[in-house]
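Trainee: I'd like to learn how to read charged pairs in a model. Could you walk me through them?

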Amino acid sequence: MSDTLIAIAAIAVVLVPIIGGFAAWFAPASSAGRIAALGSVLAVVGSVGMSVPALAGVTVTGLGGLVIVDAWSALVILVIDVVGAAALLGSPAYLDHAISSGALRDRDRARYWALMLWFFGGLLAVPITANLGLVWVGIEATTVVSALLVGITRTPAAIEAA
């Protein structure tokens, strides 16, 4: 895979979940999960595609050195992919339980999926960014989104934890 393709994959890996999150936020609750699944699959495919050369020992940079994919970042990306996929696969059961128990409203389903996608995109941005300022922005973005996810049920305990 050429440096240009790696750079395009890196941009897609971050932007697809972010754009998918906006689409899920404004989508009907019934289709937000499918949007999240599509965004997640595309991000995982892109991140695996850009990680394979790095795991083979090829360090690739792109966007004028702003993006770097080496063996370590590839490993971190793959761990994020596995954990993110597990969280996304377990989310429908969590949402069904939370809605049936009254902890969440049905319209919160789309918000949850959007927040999950934004969290996933932010996590994937951090290991491939070669600029400390942008790494900080990515980490802070995941902090804000995770606080919103923790407090999504709006109970006093959840709000305190957030």
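Mentor: Happy to! A salt bridge is a side-chain nitrogen of Lys or Arg within 4 Å of a carboxyl oxygen of Asp or Glu. Side chains of opposite charge can pair when their charged atoms come close. Here, Asp 106 forms such a bridge with Arg 109, with 3.4 Å between the closest N and O atoms. Keep in mind that this is a predicted model, where local features need pLDDT of at least 70 and side-chain atom pairs count only at pLDDT 80 or more, while totals for chains, interfaces and linings use all residues. Residues are numbered from 1 along each chain as its sequence is written, and side-chain values use heavy atoms, leaving out hydrogens and water.

Trainee: How many salt bridges does the structure hold?

Mentor: Three. Arg 109 also meets Asp 96, at 3.3 Å from N to O. This pair links distant parts of the chain, Arg 109 in helix 4 (residues 108-128) and Asp 96 in helix 3 (residues 71-100); helices are DSSP runs of H or I, at least four residues, numbered from the N terminus.

Trainee: Is Arg 109 buried or exposed?

Mentor: Buried means under 20% relative accessible area, exposed over 50%, and partly exposed in between (1.4 Å probe, protein chains only). Arg 109 has 16%, so Arg 109 is buried. Asp 106, at 44%, is partly exposed.

Trainee: What about Arg 154 and Asp 108?

Mentor: Their side chains meet in a salt bridge at 3.0 Å, N to O. Arg 154 lies in the loop between helix 5 (132-150) and helix 6 (156-161) and Asp 108 in helix 4, so the pair ties together parts 46 residues apart in sequence. Asp 108 is buried at 3%, whereas Arg 154 is partly exposed at 42%.

Note on methods:
Helix = DSSP H or I, 4+ residues; strand = E, 2+ residues; numbered from the N terminus.
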